[in-house]
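Hi everyone, thanks for coming. Could you all bring up the sequence and the structure, so that we can walk through them together?

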Amino acid sequence: MNLYDYNTVNRILTSHGFTFSKALGQNFIIDPDVCPSMAEELCADDKTGALEVGPGIGVLTKELCKVCKKVVSIELDKRLFPVLKETLGEFDNLEIVEGDVLKLNLREIIKEKFIGMHSIKVCANLPYYITSPVIMSLLEQKLPIDEIIVMVQKEAAERLTAEIGSRESGAVTVAVNYYAEAEMLFEVQKDCFYPAPKVDSAVIRLKIRKTPAVEVQNEEHFFKIVKAAFSQRRKTALNCLSNGLGVSKNKVSEALGIIGKDEKSRAENFTMQEFAQLSEIL
């Protein structure tokens with residue numbers, strides 16, 4: 001069954017009375033090179049388990065089943081279950097779990113479904129509207145996974161993989177890089193999807209760090225500092241931190257001086273270590 005063929009995909013969906021949901025950000029890949037490339041990036045073997053978020057009609061799922069010992073796909077849309085039964089029925093190493101990835105107990109799912117696996121990886125074509133929440137949820141839970149390879153909106157990919165201290169960096173850049181090493185793998189044009197979205201996409205790799213990028217006493221406070229610093233990108237870090245944290249400008253100014261930053265510095269010019277130092281001082 002060729003899931004990269006528009007006519008085949010359309011026939012399958014029509015036979016099941018399926019219509020696309022804009023609310024769920026449903027855009028299915030029909031380019032024959034994208035999913036095999038994503039699966040290849042996993043460098044999987046016979047003891048690798050893959051956790052997929054949103055299998056769609058199973059295009060990426062099929063490639064994951066070919067290279068991984070076990071694949072668990074989480075799908076929210078019940079309407080796709082009969083479709084997936086038809087498109088992926090040949091694979092006995094696949095299990096589909098119904099539910100919202102942001103609400104499920106992923107730690108328990110991994111523990112129960114991937115017994116005997118020495119490597120667990122997340123691989124998915126994420127709907128644009130939940131990209132950051134899903135990625136941050138996966139990272140913040142500190143799950144027993146090695147890496148995350150996901151396709152996201154190109155603009156989001158550029159932000160997530162930007163160098164900290166560059167103009168393209170933001171709060172999410174710092175947050176992601178605190179937990180993982182981020183890398184852009186390749187771009188995916190919008191005409192590779194059905195229906196085609198309005199923007200291009202890109203595939204990124206997040207290699208989970210064994211220990212966070214910097215050592216901080218209080219992670220919650222560290223991220224509060226980062227979020228406040230980036231809250232208004234056109235304003236100085238001094239103003240953002242003072243307003244966002246409810247701390248006097250004099251105190252913030254003193255803290256900036258300690259780490260060698262002046263009052264005109266902006267958050268995009270800070271390094272990860274400087275954010276960590278600020279977190280400790282404030």
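Let's start with a question: which side chain meets the side chain of K142 in a salt bridge? The partner is E219, and the N to O distance is 3.1 Å. Please keep in mind that we are looking at a predicted model.

Before going on, here is the general idea. Side chains of opposite charge can pair when their charged atoms come close.

Now, where do these two residues sit?

Next, please find E147. Its side chain forms a salt bridge with K121, at 3.2 Å from N to O. K121 is in strand 5 and E147 in strand 6, and the two are 26 residues apart. E147 also meets R205 in a salt bridge, again at 3.2 Å from N to O. R205 lies in strand 9, 58 residues away from E147 in strand 6.

What about accessibility here? The cut-off for buried is under 20% relative accessible area. R205 has 14%, so it counts as buried, and E147 has 7%, so it is buried as well. K121 is buried too.

How does helix 9 pack with helix 12? To answer, we need two values. Two packed helices are described by the angle between their axes and the distance between the axes. Here the angle is about 115 degrees, and the axes are 9 Å apart. Angles from 65 to 115 degrees count as roughly perpendicular, so that is how we describe helix 9 and helix 12. Their crossing is right-handed.

Which residues make this contact? On helix 9 they are H221, F222, I225, V226 and A229, and on helix 12 they are M272, F275, A276, L278 and S279. Eight of these contact residues are nonpolar, two are polar, and none is charged.

How values were computed. Residues numbered from 1 in each chain as written. Predicted model: local features only at pLDDT ≥ 70, side-chain atom pairs only at ≥ 80, totals over all residues. Heavy atoms only, no water. Axes fitted to C-alpha atoms, helices over the stretch in contact; angles between N-to-C directions. Helix = DSSP H or I, 4+ residues; strand = E, 2+ residues; numbered from the N terminus. Parallel < 35°, antiparallel > 145°, perpendicular 65-115°, else oblique. Left-handed = near helix turned anticlockwise from the far one by under 90°. Contact = heavy atoms within 4.5 Å. Nonpolar A, V, L, I, M, F, W, Y, C, P; charged D, E, K, R; others polar. Salt bridge = Lys/Arg side-chain N within 4 Å of Asp/Glu carboxyl O. Buried < 20%, exposed > 50% of the residue type's maximum accessible area, 1.4 Å probe, protein only.
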